[in-house]
Protein chains: 2
Amino acid sequence: MSLHEDMLQMGDRAVAAARALALLSSRKKSTILEGMAAELDTQRATLKHANVTDMEAGRKAGLSAAMLDRLQLTDARIDAMIKGIRDVAALKDPVGQRISRWMRPNGLEIHKIRVPIGVIAIIYESRPNVTADAAVLCLKASNSVILRGGSEALRSNQAIAAALQAGGAKKGLPDFSIQLVGTTDREAVRELVQLEGRVDLAIPRGGEGLIRAVVEQAHVPVIKHYKGVCHVYVDESADFKMALEICENAKCQRPGVCNAIEKVLVHEKIAAQFLPELAARLTARKVELRGSDAARAIVPTMKPATDADWYEEYLDLILTIGLVKDVHAATAHINHYGSHHSDAIIAANEAAQKAFTQEVDSATVYVNASTRFTDGGEFGMGAEIGISTDKLHARGPMALEELTTYKYVIWGNGQVRK
Amino acid sequence: MSLHEDMLQMGDRAVAAARALALLSSRKKSTILEGMAAELDTQRATLKHANVTDMEAGRKAGLSAAMLDRLQLTDARIDAMIKGIRDVAALKDPVGQRISRWMRPNGLEIHKIRVPIGVIAIIYESRPNVTADAAVLCLKASNSVILRGGSEALRSNQAIAAALQAGGAKKGLPDFSIQLVGTTDREAVRELVQLEGRVDLAIPRGGEGLIRAVVEQAHVPVIKHYKGVCHVYVDESADFKMALEICENAKCQRPGVCNAIEKVLVHEKIAAQFLPELAARLTARKVELRGSDAARAIVPTMKPATDADWYEEYLDLILTIGLVKDVHAATAHINHYGSHHSDAIIAANEAAQKAFTQEVDSATVYVNASTRFTDGGEFGMGAEIGISTDKLHARGPMALEELTTYKYVIWGNGQVRK
């Protein structure tokens, strides 16, 4: 079979599996998920053996130490995958929920019901645990899944996917509910995201290059998880102590993640007082500071910031600082240079708070809190398949509910249209 | 300026307009919409003059009588556009609505708030009234809009868009809230749907060719309104009188629309009784009947149906009829051959009703009612920008709420992540 025929067959099988999955009860799905968790546990040796082969090939191919670390499957990581499955099994099933219901004057009763999306394609890089995490979240919402992981993790991913499918099948998981693309051919990604009528949604997870490639090739809907260029704006009405703590937390607590801040904007009226305190606090945490001309006039030890700095996601202990004349200038700056992910205002003034929350066009907008809370777990969703920087269908942390759609079921007693 | 630069400028202007629109109050938007309605009334002569030029060019270009009819702007059609604007002005504003709200253990209060999508591109064909209908719905939900109509209606569309923008501007509509692509160059569509970061959503409205072209070129999210291959399944438990009336209504009341049925499936146990009655009823309404071999064994006067018949949207007085062995065979057939738009079961048996509503993977699923009710107006939405056959973001009739997204606004008092 050609690659094209291969992918069409995968798509057809995924559609058939999705139809069967849509009819499973919540209890049945929990049993299946437990079967998967148990099988991962049973197949530990197989998983680690496959991973050793990937690791050896990775070392030969010259992967960096950081990449090799992400690739490695340890017992602790297998434990985490197993725990993750059991956590998801315990979450509330979104499928079948009645979102709303109303009656029309002609007696038709319209029910808007939450249903699975159908077939979801996940395209991701390096970490093999994504194979389990993503598949299990999709399945809990009764979707079948086609996985396409990074080539360096192919054997590990195959072992995990096979264990999940086998463990689930023992408890009644429909065939082909979890499929993994078995080739490292890059054309397979193109084929996958052009499977209109078979794949209902593609979710790329990884670097900007991967996401751009998927967006440019896709004919099916894509939900993107782009970078996070997040801001804190410190208003003239801010409590300095609170502002300092939030800036430090949002920058330093885990600098390598998308909801860490990369920029701080300070109201010009308080800059002379606040900036030296901020600089001292962050310098003590080994943050490299870059400043606009106005900011450097107050703290000359900062490096000069270029225009490119304002667009950049450092994912590192680097922060760019600028001054703004008021909250509106701050929101205009954030909307222009930011990535519509997570932005915060520190302010006591209610008018400034309101202007900020209304004007900033981001998935999550914070008042007097750290941007680091943009996370499915922190939101109380219990899990997360990513953080959408798109506006369509899902925005911000994306969990089980966002892996569903709806249909209208309409109950009549013979109504015809006049 | 090159076409590319032109389109980038349109995109930038649309983004700026969207930011301003997002801050307008409901009352202000109503005043603006009334200004638009009044201006269309004032500019009647200008609109009709532009339309005469389009009509003359259309006649010379050999457009069919049906196409010329769709192109024509009469006083009645201008009246309908004006009434449409006033109807939309009177609808409830979805923007700013709090969808949900919850408190986290750390004291963070999370509000999920309905907000505009931003910039919406509408790509459509022939009927100039779409220019007003689509623009006004987008605006009511505080979105700016970039319109790209059919080349044959360019002058009419330009006159309508100019009147809307001018009439709105008198009441405070931000500049460039309504823009129309002024070139008939086909490359403009490609440029438009590749304006990532500027255009948030593209909605193609028209034939399958237009929709496919948009889907294949787009880098921005697209919501599609594909064809409607709708079914009625007549179960063995059906009330015959109800089934006959619904089949007749769904086929004949307005055969040229997407929610009219194209196929009827009949339970084989009742076929010998029911099919002759159905054939008589529909033949009297001049419907051409095509049947499967099994159906023709009962009513031999039907033409033989080919496999292609089952996929086809006739939009005409033609109906294909087949037999199925039970409700599950009916739903499998519908999921395979249908277009996931609107499908109905006629049945008294509750188990059959339940199986049908659960198994059919369509935007709207009816029990004992005509499929013709799939419509924003009939659903009580007050308006409609289309009927989505997609599953992401919006499914089924798409009105004001579906032209919004949400953002999370999170209220804290200094929370940092531990």
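Trainee: How many bridges join strand β4 (residues 144-148) of chain A to β5(A)?
Mentor: A word on the source before that: this is a predicted model, where local features need pLDDT of at least 70, side-chain atom pairs count only at pLDDT 80 or more, and totals for chains, interfaces and linings use all residues. Residues are numbered from 1 along each chain as its sequence is written, while chains are lettered from A and ligands numbered from 1 in the order in which they are written. Strands are DSSP runs of E with at least two residues, helices are runs of H or I with at least four, both numbered from the N terminus, and two strands pair if DSSP finds at least two bridges between them. β4(A) and β5(A) run parallel, and the number of bridges joining them is three.

Trainee: Which residue of β5(A) is the bridge partner of A:Val145?
Mentor: Look across from A:Val145 into β5(A). The bridge partner there is A:Ile178.

Trainee: Which strands stand at the edges of the open sheet in chain A?
Mentor: The sheet has four strands with parallel pairing, in the order β5-β4-β3-β6. An edge strand has a single partner, so one side of it is left without a neighbour in the sheet. In chain A these are β5 (178-180) and β6 (201-205).

Trainee: What angle does the direction of helix α7 (residues 154-169) of chain A make with that of β5(A)?
Mentor: Helix α7(A) packs on the sheet, touching β4 and β5 of chain A; contact here means C-beta atoms, placed from the backbone, within 7 Å. Axes are lines fitted to C-alpha atoms, for helices over the stretch in contact, and angles run from 0 to 180 degrees between N-to-C directions. For α7(A) and β5(A) the angle is about 160°.

Trainee: Is α2(B) roughly parallel or roughly antiparallel to α5(B)?
Mentor: The axes of α2 (residues 26-42) and α5 (residues 75-90) of chain B come within 9 Å and cross at roughly 175°. Angles under 35 degrees count as roughly parallel, over 145 as roughly antiparallel, 65 to 115 as roughly perpendicular and the rest as oblique. That crossing therefore makes α2(B), relative to α5(B), roughly antiparallel.

Trainee: Is B:Ile203 buried or exposed?
Mentor: This residue sits in strand β6 (residues 201-205) of chain B and touches, among others, B:Ile120, B:Ile223 and B:Gly386. A residue is buried if 20 or more other C-beta atoms lie within 10 Å of its own, exposed if 12 or fewer, and partly exposed in between. With 25 other C-beta atoms within 10 Å, B:Ile203 is buried.

Trainee: Which element supplies the largest share of the side of chain A that touches chain B?
Mentor: The contact takes 56 residues from chain A and 54 residues from chain B. On the chain A side, elements that each supply at least two residues include α9 (208-217), α10 (240-252) and β13 (364-369). The largest share, eleven residues, comes from β16(A).

Trainee: Which strand of chain A do the buried residues of α15(B) pack against?
Mentor: The buried residues of α15 (residues 350-359) of chain B include B:Ala352 and B:Phe356. Within chain B they pack against β7 (230-234), α14 (327-337), β12 (342-346) and β13 (364-369). From chain A, the strand is β16.

Notes. Two residues are in contact if their C-beta atoms, placed from the backbone, lie within 7 Å. Lists of a residue's contacts leave out its neighbours within four places in sequence.
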